Every structure is written in structure tokens, then in C-alpha cells.
Amino acid sequence: PVIGSVALAADNGSINISFSEPVFNTTSGSGALEVSDFALSLTGGTATLTSATPTAITQSGNTYTLSFSLSGTPDGSEVISVAPLVNSIYDGSGNLASTAQSNGSGTLFDQTKPVISAINFSDDNSYLDVEFSVEVFSNSNGSGSLELTDFQLSFNPNNGTATSATL
């Protein structure tokens, strides 16, 4: 049996793995898979796994959902890999799943929230540049340039001589 595909949940809290055929945790073609039948690993990025063992498992046909917990915020460059542990997963004929699975990995979704990292005024105060900590877009799908309507200007007088502000 081999892992045919993986799909990560948008919240980076679980991964769905689909096997090429029904799988079991005994050579006799019986026994439901358990979290202890899998090993998780994470490479790259800023987040880390809190455990190499999934926290929960659910099954729907040949697809298994493995839940996991992270420490830190994923930046989108982390690659999570799932592999059967040695002598843990079998098909109905008793064939052992390899611990080296070529389709057992996926990239976590970036969850880094943008923050304003700098505001720079022009010398004559006629405009300002706003810098963000990460790339920002006007649409949630990662596209579109920011527009004036994406900002709100707050004007707080401080005994200066300014009489108006335009955005």
C-alpha cells in the first residue's frame, strides 16, 4: 500500500492522506489504523510540530485525517511529511507499507499576519509610505493591489498648525 495523495486543512491542524487501497494494522487484513502507526516530521519555516505522533485520527474509506499541533506560526515554507512506522500498516494481503512514501508530504499554509512595520513621512508631509511586515494584498486569495479604500486615516491634533488631511 502507498500514500496516493495528501491534502492539508486550511488551518494547518490536520492532513488528509489517501491510501491506494484499504489498509490495516495487522498482517491478517484487520485492525483499524491508530495514531501510533504514523510518524510526522516538519522541515523548513518557523513553526515546529509539538509531537511526531498525530494527536487524533479519523477514517473515511481509504482516507485518513491525522490531526497535529504546531508551535509557532507557519510562514508557508514548512513541509510536513507523513510516513507509516516500521511494521505498522498492511494491505488486505499482508503486504507491508513502506516507511519511505514519495507522496506523503505537503506544504503548510502561511498564517503570518501582516503588521505595519514602518511609516515614513515625506519631508514636506505631503504623503507617507506604509511598510508591512509581509506582502499584503487587497483580496484574501493573495491577489490585488492595495487601494486608498483599504486604509482609514485617523487625525489626532497635537497643537500643530495642520488644518486638514487627505487620503
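**View 1. Phenylalanine 19, a buried ring.** With a relative accessible area of 5%, phenylalanine 19 is buried. Buried means under 20% relative accessible area, exposed means over 50%, and partly exposed lies in between (1.4 Å probe, protein chains only). This is a predicted model, in which local features need pLDDT of at least 70 and side-chain atom pairs count only at pLDDT 80 or more, while totals for chains, interfaces and linings use all residues. Residues are numbered from 1 along each chain as its sequence is written, and side-chain values use heavy atoms, leaving out hydrogens and water.

View 2. Two aromatic pairs turn up in a search of the whole structure. Rings of Phe, Tyr and Trp (its six-membered ring) pair if their centres lie within 6.5 Å; planes under 30 degrees apart count as stacked, over 60 as edge-to-face and the rest as tilted. The planes of phenylalanine 19 and phenylalanine 38 stand at 45 degrees, with ring centres 6.4 Å apart, so this pair is tilted. It links distant parts of the chain: phenylalanine 19 sits in strand β2 and phenylalanine 38 in strand β4, 19 residues apart. Phenylalanine 19 also pairs edge-to-face with tyrosine 64, at 5.9 Å centre to centre and 85 degrees between the planes. Here strand β2 supplies phenylalanine 19 and strand β7 supplies tyrosine 64, 45 residues apart. Both phenylalanine 19 and tyrosine 64 are buried.

**View 3. Phenylalanine 38 and its surroundings.** Phenylalanine 38 counts as buried, at 1% relative accessibility. Contact means heavy atoms within 4.5 Å. Residues up to four places away in sequence are not counted; the residues that phenylalanine 38 touches include Ile17, Phe19, Leu33, Ile57, Leu66, Val82 and Ile89.

**View 4. The largest nonpolar core.** This core has 18 residues. A nonpolar core is a set of buried Ala, Val, Leu, Ile, Met, Phe, Trp, Tyr and Cys residues joined through side-chain atoms within 4.5 Å. Ile15, Ile17, Phe19, Phe38 and Phe68 have the most contacts inside it. At least two core residues come from each of β1, β2, β4 (38-43), β7 (63-67) and β9 (79-84). β2 gives the most, with three residues. In soluble globular proteins, nonpolar side chains tend to be buried together.

**View 5. The four-stranded sheet.** Four strands form an open antiparallel sheet in the order β1-β2-β7-β6. Strands (E, at least two residues) and helices (H or I, at least four) are DSSP runs, numbered from the N terminus. Two strands pair if DSSP finds at least two bridges between them. β1 (3-8) and β6 (56-60) are the edge strands, each pairing on one side only. β1 and β2 (residues 14-19) pair over five bridges. Valine 6 has isoleucine 17 of β2 as its bridge partner, and leucine 8 stands opposite isoleucine 15. β2 and β7 also pair over five bridges. Serine 14 has serine 67 in β7 as its bridge partner.

View 6. Asparagine 12 lies in the loop between β1 and β2. The hairpin has five residues between its strands, and asparagine 12 takes a positive phi near 60 degrees. At 2% relative accessibility, asparagine 12 is buried. Its side chain reaches the backbone oxygen of phenylalanine 109 at 2.7 Å. Leaving aside neighbours within four places in sequence, asparagine 12 is in contact with Phe68, Leu70, Pro74, Leu108, Phe109 and Gln111.

Notes:
A polar contact is a pair of N or O atoms within 3.5 Å; within protein, one must be able to donate a hydrogen and the other to accept it, and residues adjacent in sequence count only if both atoms are side-chain atoms.
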